[in-house]
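I wished to record where they pair and where they gather.

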Amino acid sequence: MTFDPDAAGTPGSGIFGLPFTREQAGIVLLPVPFDATTSYGHGTARGPDAIFDASMQVDLYDRRFGRIYERGIFMESSDETISSLSESARALAAPLIEAGGADPKEDAAAVARINAAGEKVAAFTYDRTMRVLKEGKVPGLVGGDHSTPLGAIRACAEYGKNGIGILHIDAHMDFREAYEGFTYSHASIMYNVLTTVPGVTRLVQVGIRDFGEGEMDFGIEQGSRVHTFYDDQWAEQMLRGTAYEDLCKDAISRLPQDVYISFDIDGLDPGLCPHTGTPVPGGPSFHQASLLLWMLKQSGRRVVGFDLVEVCPGAEDEWDANVGARILYKLCGAAS
């Protein structure tokens, strides 16, 4: 049967209503429904399924990226062991988070089990991502909280010959060390990347507007390895007449040829993602984020992998998943 990209998604079809098998796909999406250490709002483990459902409403022709679907996009089934691991680790972490963080002595056993869960997730995403890379395809991780892509980033960095850069779109720096006592916290992902993945040669952060002084100092200590573009600085520059496109060009120019995109949905204006775990006022609009991704592709750089994390569906509406599905499709466009 001939696939009609303008038709409605049919029951039993894949992500975005597409008919592709894994073998036919050039982009393979890995759902990781894990969010044990979310420190404010909770529920991003439901993100992958909610995004899949909402993806059926995404029209497949993109004015900038064109026929993204022609690359072939396939989403794997969620692994129940990750869901179970998330639930058990969350049960241990929740009372510690509510108490303001783990006590190093009294809570040592619980923290060790929570950290062990984070290590298992990292090993899982590393193995699955490396498998996709060896098949000559582009891996895309769909979280879950922002702790989930550590293994995927490590795999992409190791698989590349000359190292990779990361374009990190987020409201937060994520430079916390063992936040609330947890080594694999959502607030520690980029700290863990920079301290354990030497193949990441450059980190470019966009949208940053909520961080601790210690995080800022850590970023400065990294020297030219880290370039942070603060949201308020970009806003001020645009008020003085600087074109947004010029700001994007400057950020992209700091990246090497091979790029991994880490997209935390809370990097966007929170009106677009009100249920995400840690929303922060400010941030790029949907159109600004889309233009950034388009300009990255137009720069000639190669997207070797990506993630979309922290999408949390609301209890009574799917707005966050709706936005997330559209960002996910544009991420696929940037990687096509």
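Entry 1. I looked up the network of salt bridges in this predicted model. Arg-22, Glu-76, Asp-79, Arg-128 and Glu-135 are linked in it. I noted as background that side chains of opposite charge can pair when their charged atoms come close.

Entry 2. I then asked how many salt bridges the structure holds. I found nine.

Entry 3. I took the pair Arg-22 and Glu-135, whose closest N and O atoms are 3.0 Å apart. Arg-22 counts as buried because its relative accessibility is 15%, under the cut-off of 20%. Glu-135, with a relative accessible area of 38%, is partly exposed.

Entry 4. I turned to Glu-215 and Arg-176, whose side chains form a salt bridge with an N to O distance of 3.2 Å. This pair links distant parts of the chain, 39 residues apart: Glu-215 is in helix 6 (residues 213-221), and Arg-176 is in the loop between strand 6 (164-169) and helix 5 (189-196). Is Glu-215 buried or exposed? I recorded a relative accessible area of 6%, so Glu-215 is buried. For Arg-176 I recorded 33%, so Arg-176 is partly exposed.

Entry 5. I next examined Arg-302 and Asp-258, which meet in a salt bridge at 3.1 Å, N to O. Arg-302 belongs to strand 10 (residues 302-309) and Asp-258 to strand 9 (residues 258-264), so the pair ties together parts that are 44 residues apart in sequence. Arg-302 is partly exposed, at a relative accessible area of 48%, whereas Asp-258 is buried, at 15%.

Entry 6. Finally, I asked which residues gather in a patch of negative charge on the surface. I listed Asp-49, Asp-53, Glu-80 and Glu-87. Helix 1 (47-55) and helix 2 (80-98) are the elements that give two or more residues to this patch.

Technical notes
Residues are numbered from 1 along each chain as its sequence is written. This is a predicted model: local features need pLDDT of at least 70, side-chain atom pairs count only at pLDDT 80 or more; totals for chains, interfaces and linings use all residues. Side-chain values use heavy atoms; hydrogens and water are left out. Patches are made of residues with over 30% relative accessible area and no salt bridge: like charges are joined within 9 Å, nonpolar side chains (Val, Leu, Ile, Met, Phe, Trp, Tyr) within 5 Å. Accessible areas come from the Shrake-Rupley method with a 1.4 Å probe; for residues, only the protein chains shown count as cover. A salt bridge is a side-chain nitrogen of Lys or Arg within 4 Å of a carboxyl oxygen of Asp or Glu. Lys and Arg count as positive and Asp and Glu as negative; His and the chain ends are not counted. The place of a charge is taken as NZ of Lys, CZ of Arg, CG of Asp or CD of Glu. Helices (H or I, at least four residues) and strands (E, at least two) are DSSP runs, numbered from the N terminus. Buried means under 20% relative accessible area, exposed over 50%, partly exposed in between (1.4 Å probe, protein chains only).
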